[in-house]
Amino acid sequence: MRDFDAIYQQYGKIIYFFLLSLSHDETLAEELTQETMFRAIMNISSFRGESKMSVWLCQIAKNLYYEWQKKNKRTVQINEAIAQNEDGCDITDQLVDQDTAGRILRHLHGLDEPYKEVFMLHVLGDIPLTQISQLFGKSDSWARVTYYRAKIMLTAKLEEEEP
């Protein structure tokens, strides 16, 4: 039991802030943090050690958040600006229109992993790329390149829709 206490002490705040960045709801983040730790304890035998413990726990937390969203039929709101692409075209202005925001989210969810997750964590979750690189156990440059490629893919998909 002491091992689980140590895991909770070491990773509890990381999981909480990760969930808070996804949900923007302190109460929900607290509830899902507790559920994440409970599921981790119940499924510790499935942890193979191929990734860091924090990555495994964040994956559980992310899945719980998505389950919660599905059950509650909530939509993720884009509340952070999307940075300018290399053409200087700022797609942030397009977010004013609900239809456009829906298109952006649809295309975002169509991106492959890890592009989708890195983009969502950075733009929607406001998590710095250095922290995202640690979450995935990768280098800072990997996170920057993955985010940049996701942004290019998303912009290209939006431009394909334009008449």
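Is F38 buried, partly exposed or exposed, and at what relative accessibility? In this predicted model, in which local features need pLDDT of at least 70, side-chain atom pairs count only at pLDDT 80 or more and totals for chains, interfaces and linings use all residues, F38 counts as partly exposed because its relative accessibility is 47%. Buried denotes under 20% relative accessible area and exposed over 50%, with partly exposed in between (1.4 Å probe, protein chains only). Residues are numbered from 1 along each chain as its sequence is written, and side-chain values use heavy atoms, with hydrogens and water left out.

F38 lies in helix α2, which spans residues 26-42; helices are DSSP runs of H or I with at least four residues, numbered from the N terminus. Together with I41 and M42, F38 forms a nonpolar surface patch with about 300 Å² of accessible area in total. Such a patch is made of residues with over 30% relative accessible area and no salt bridge, nonpolar side chains (Val, Leu, Ile, Met, Phe, Trp, Tyr) being joined within 5 Å. Accessible areas come from the Shrake-Rupley method with a 1.4 Å probe, and for residues only the protein chains shown count as cover.

E35 is partly exposed at 29% relative accessibility, and R39 is partly exposed at 28%. R39 additionally meets E67 in a salt bridge of 3.3 Å, N to O. This pair links distant parts of the chain, 28 residues apart, with R39 in helix α2 and E67 in helix α3 (residues 53-72). E67 is partly exposed, its relative accessible area being 32%.

A further salt bridge joins the side chains of E113 and K116 at 3.6 Å, N to O. K116 is buried, with a relative accessible area of 18%, whereas E113 counts as partly exposed at 44% relative accessibility. Salt bridges with shared partners connect E35, R39 and E67 into one network.

Two backbone features were identified in loops. E113 is joined to P114 by a cis peptide bond with omega of about 5°, and P114 is situated in the loop between α4 (98-110) and α5 (115-124). H24, although not a glycine, has a positive phi of about 55°. This residue is located in the loop between α1 (2-23) and α2 and counts as partly exposed at 44% relative accessibility. Most residues other than glycine have a negative phi, and most peptide bonds are trans.

The axes of helix α6 (residues 129-136) and helix α7 (residues 140-161) come within 8 Å and cross at roughly 110°. Helix α6 is therefore roughly perpendicular to α7, a class covering angles of 65 to 115 degrees. Axes are lines fitted to C-alpha atoms, for helices over the stretch in contact, and angles run from 0 to 180 degrees between N-to-C directions. L129, T130, S133 and F136 of α6 are in contact (heavy atoms within 4.5 Å) with D140, W142, A143, R144 and Y147 of α7.

Technical notes. Patch = residues over 30% accessible without salt bridge, like charges linked within 9 Å, V, L, I, M, F, W, Y side chains within 5 Å. Salt bridge = Lys/Arg side-chain N within 4 Å of Asp/Glu carboxyl O. Parallel < 35°, antiparallel > 145°, perpendicular 65-115°, else oblique.
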